[in-house]
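Subject: A structure for you to explore

Hi there,

Here is the structure I promised to pass on. Please open it next to this email and follow along as you read.

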Amino acid sequence: MSTVLIVSDIHGRADRLERVLASHPEAQALFFLGDGEREVHDVCRSFPQVTLFAVRGNCDVFSSLPDELPVELFGRRFFLTHGHRFGVKGGLGHLCRIGYREGYDALLFGHTHQRLLQYVSDGEKPFYLFNPGSLGHPDDRVPSYGVLTVTARDLLFSHGEL
């Protein structure tokens, strides 16, 4: 069993990211989905046991991070993006097309500041869509993040709150 933390839209709240990482010492990796690159790099220095996979968000203006990142980890295929380039505030159709076409196990995104877990099974290979919500400015005023547990058979997603 392996654990991955998923965060997005930190917007200056490095203290919240530090609390998330400190409360999950079992985590082996962190998926950062944009908007808070500086905070992620600063905080992750204190957690060298966690492997960082990161993409830039629309507020990470001078970032050299990629807009999207395919990741193969623990025998599964993930697609990481902030989501703004895929119009996720207007719908998830563009992301779903990538999932159908590329056969990812999960597509992870931020940008909307709203939590989401959706299982899409109407194509050839089912996949998950997951948004951890926002640590910095959540729409529901409850800072949130994601926890992914990878087992031999399943991907188990959940949302944590601060």
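Before we look at any strands, here is the pairing rule: two strands pair if DSSP finds at least two bridges between them. Helices (H or I, at least four residues) and strands (E, at least two) are DSSP runs, numbered from the N terminus. You are looking at a predicted model, where local features need pLDDT of at least 70 and side-chain atom pairs count only at pLDDT 80 or more, while totals for chains, interfaces and linings use all residues. Residues are numbered from 1 along each chain as its sequence is written, and side-chain values use heavy atoms, with hydrogens and water left out.

Let's start with a parallel pair. Strand β2 (residues 29–32) pairs with strand β3 (residues 51–54) in the parallel sense, over 4 bridges. Phe 32 has Ala 54 in β3 as its bridge partner. Together with helix α2 (residues 37–44), β2 and β3 make a right-handed β-α-β unit; right-handed means that, with the strands pointing away from the viewer, the path from the first strand over the helix to the second runs clockwise.

Next, the open sheet. Its 5 strands come in the order β4-β5-β6-β8-β7, and the pairing is mixed. Which strands stand at the edges? They are β4 (68–73) and β7 (115–120), and each has a single partner strand, so one side of each is left without a neighbour in the sheet. From one strand to the next, the twist averages 15°. Strand β7 runs antiparallel to β8 (residues 127–132), and 6 bridges join them. Look there for Tyr 119, which stands opposite Tyr 128 in β8.

Helix α3 (residues 93–102) lies across β5 (76–81), β6 (106–108), β7 and β8, and runs at about 140° to β8. For such angles, axes are lines fitted to C-alpha atoms, for helices over the stretch in contact, and angles run from 0 to 180 degrees between N-to-C directions. Contact means heavy atoms within 4.5 Å.

Now for the charged side chains. A salt bridge is a side-chain nitrogen of Lys or Arg within 4 Å of a carboxyl oxygen of Asp or Glu, and by this rule the count comes to 10. To describe exposure, I use relative accessible area: buried is under 20%, exposed is over 50%, and partly exposed is in between (1.4 Å probe, protein chains only).

- Asp 105 and Lys 125 form a salt bridge, with their closest N and O atoms 2.7 Å apart. Asp 105 sits in the loop between α3 and β6 and Lys 125 in the loop between β7 and β8, 20 residues apart. Asp 105 is buried at 18%, whereas Lys 125 is partly exposed at 33%.
- Arg 115 and Glu 161 form a salt bridge with closest N and O atoms 2.8 Å apart. Arg 115 is in strand β7 and Glu 161 in strand β10, so the pair ties together parts that are 46 residues apart in sequence.
- Arg 45 and Asp 42 meet in a salt bridge at 3.0 Å, N to O. Arg 45 is exposed at 62%, and Asp 42 is partly exposed at 39%.
- Arg 56, Asp 67 and Arg 85 are linked in a network of salt bridges.

One last stop: is Gly 160 buried or exposed? Gly 160, in strand β10 (residues 155–161), is buried, with a relative accessible area of 10%. Leaving aside neighbours within four places in sequence, Gly 160 is in contact with Pro 143, Ser 144 and Tyr 145.

Enjoy exploring!
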